[in-house]
Amino acid sequence: MINRADSIKHHCVTFFHGSVVTYYVIVDFHMSQANYQLYQSNHPITKMFLSGNTQFFTTWNQALHQLFFLLSFLQDILSYSNNENYVKFCSWFDEFKCKIFIPVLMPATFMTMINYWAIHFMAPHLMLADLQIFYPPWLNHAVHTFITPIILGEFFITTHNIPTWKIGFKYATILMASYAGWIYPLGFFLNQWPYPFLEVLTITRHILFCPLMFIHGYFWYIVSRCAGNYIYGDYSGINVESSKKKEK
């Protein structure tokens, strides 16, 4: 029997997830309009930017965010039902969230925000500052800044199971290795770098830069995991043993 407090919390979480999904629908609509304006222009950066859109880590982060919150909202809606298939989906998504929220989604969010704004303030031209004539400031913040309070809202409003260190590092590594494995072949062999600063780096600096990005990602995973253990307490250990068994 669900008590009144749990019921109210569930309604609040559902409202939060629904609001985030609506927010991202609005962002996607205005982003598509801005992309179309850029496509119609004769700006020299147009072809490079639009052809390499999937190479931006921001795009990867947005895909992870929107998929996660869409599925979370769907889970919230389905959890009001006792249908066996719905219950199975909710159970599957709980396992999915355990694997990606703290090891993948939180590091990706912090890396997107910090990397973008750090380089933007130091050398705006290396972060495609020319595109600001097509993308209003609020839209730039929507994909590089507001992602942080959204993910922190999810972190504090809902309670997440935390996988073991081994599993967490595995999925964090998969994220960063996948991205590096995608952009570096395109950059070195096709000269299609997602960011101008990568194009000007020497081979030696690339060798240094790539491991540093892994370390940066691991740092935010460790911080997120420790914060999760502190905030969630004993609840964070519920799925630890089952996670170990499934990975064996």
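Tutor: Let's start with contact, which means heavy atoms within 4.5 Å. By that rule T58 touches T112, V143, H144 and Y195, not counting residues up to four places away in sequence. This is a predicted model, in which local features need pLDDT of at least 70 and side-chain atom pairs count only at pLDDT 80 or more, while totals for chains, interfaces and linings use all residues. Residues are numbered from 1 along each chain as its sequence is written, and side-chain values use heavy atoms, leaving out hydrogens and water.

Student: Why is T58 called buried?

Tutor: Buried means under 20% relative accessible area, exposed means over 50%, and partly exposed is in between (1.4 Å probe, protein chains only). T58 has a relative accessible area of 12%, so T58 is buried.

Student: Why are K97 and D94 about one helical turn apart?

Tutor: Because they are three residues apart in helix α4, residues 84-122. Helices here are DSSP runs (H or I, at least four residues), and strands are runs of E, at least two, numbered from the N terminus.

Student: What makes a group of residues a nonpolar core?

Tutor: They must be buried Ala, Val, Leu, Ile, Met, Phe, Trp, Tyr and Cys residues joined through side-chain atoms within 4.5 Å. The largest such core has 42 residues, and F57, F68, F69, F101, I102, M106 and Y195 have the most contacts inside it. Helix α4 gives the most to this core, with 11 residues. Apart from it lies another core, of 10 residues, including M31 and Y135.

Student: Which residues does F101 contact?

Tutor: Leaving aside neighbours within four places in sequence, F101 is in contact with F68, M106, I151, E154, F155, H160 and Y232.
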